[in-house]
Amino acid sequence: KHVTALDLGKHDAWIWLDISADGFLHHMVRNIVGVLTRVGEGREQPDWAGHVLDSRDRTQGGATAPSDGLYFVSSRYDSRFGLPLPPAICRFW
């Protein structure tokens, strides 16, 4: 799968992560959040995330983040499928 965009933001007590990709693997977003959490907590250096990706071994990333607070917001499909457009995305900032 190919991540095409990743937006990380914070406002007051809210932290959000918007990820766009051509598809998602089981626990993919939770694994990304787990890696970013370890870096954000200072338990790993930022370049560690690159080493995890380069290893192509999910077990190198540490804990999978819990699902609480993670929400699927929307999906977008190629226009060739003729599906209706999704509603506007709600954000918390």
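## Close-up views of a predicted model

**View 1. T4 is placed in strand 1.** The model is a prediction in which local features require a pLDDT of at least 70, side-chain atom pairs count only at pLDDT 80 or more, and totals for chains, interfaces and linings use all residues. Residues are numbered from 1 along each chain as its sequence is written, while side-chain values rest on heavy atoms, with hydrogens and water left out. Strands are DSSP runs of E with at least two residues and helices are runs of H or I with at least four, each numbered from the N terminus. T4 counts as exposed because its relative accessibility is 64%, where exposed means over 50% relative accessible area, buried under 20% and partly exposed in between (1.4 Å probe, protein chains only). Once neighbours within four places in sequence are set aside, T4 is in contact with S20 and A21, contact meaning heavy atoms within 4.5 Å.

**View 2. Strand 1 and strand 2 run antiparallel and are joined by 8 bridges.** Two strands are taken to pair if DSSP finds at least two bridges between them. Strand 2 covers residues 14-21, and within strand 2 the bridge partner of D7 is D18, whereas that of K10 is I15. The hairpin formed by strand 1 and strand 2 has 2 residues between the strands, and in this hairpin D12 adopts a positive phi near 55°.

View 3. H27 belongs to the loop between strand 2 and helix 1, and with a relative accessibility of 30% H27 counts as partly exposed. R56 sits in the segment after helix 2, where R56 counts as exposed because its relative accessibility is 78%.

**View 4. The second largest pocket has a volume of about 690 Å³.** A pocket is defined on a 1 Å grid over the protein atoms alone as an open set of points where a 1.4 Å probe fits, with protein on both sides within 12 Å along at least five of seven lines, and its lining residues have an atom within 4 Å of a point. Grid points are joined across faces, edges and corners, and the volume is the space filled by probe spheres set on the points. Of the 18 residues lining the second largest pocket, M28, N31, I32, V52 and L53 are the closest to its centre. Strand 1 (3-11), helix 1 (28-40) and helix 2 (47-55) are the elements that give two or more residues to this lining, and helix 1 gives the most, with 5 residues. By class, the lining of the second largest pocket comprises 10 nonpolar residues, 4 polar and 4 charged (Ala, Val, Leu, Ile, Met, Phe, Trp, Tyr, Cys and Pro are nonpolar, Asp, Glu, Lys and Arg charged, and the others, Gly among them, polar).

**View 5. G61 lies in the segment after helix 2.** G61 counts as buried because its relative accessibility is 2%. Not counting residues up to four places away in sequence, G61 touches V35, R38, W48 and V52. Between G61 and A21 there are 40 residues of sequence separation and 19 Å of space, C-alpha to C-alpha.

**View 6. The structure holds 2 salt bridges.** A salt bridge requires a side-chain nitrogen of Lys or Arg within 4 Å of a carboxyl oxygen of Asp or Glu. In one of the pairs, R38 bridges to E44, with the closest N and O atoms 2.6 Å apart. A salt bridge also links the side chains of E41 and R43, at 3.4 Å from N to O, and both E41 and R43 are exposed.

**View 7. The overall setting is a protein with 2 helices and 2 strands.** From the N terminus on, the elements follow the order β-β-α-α. The C-alpha atoms fill a box of roughly 45 × 35 × 20 Å along the principal axes. Of the 93 residues of the protein, 15% count as buried. Among contacts with a separation of 6 or more, 35% are accounted for by residues 24 or more positions apart.
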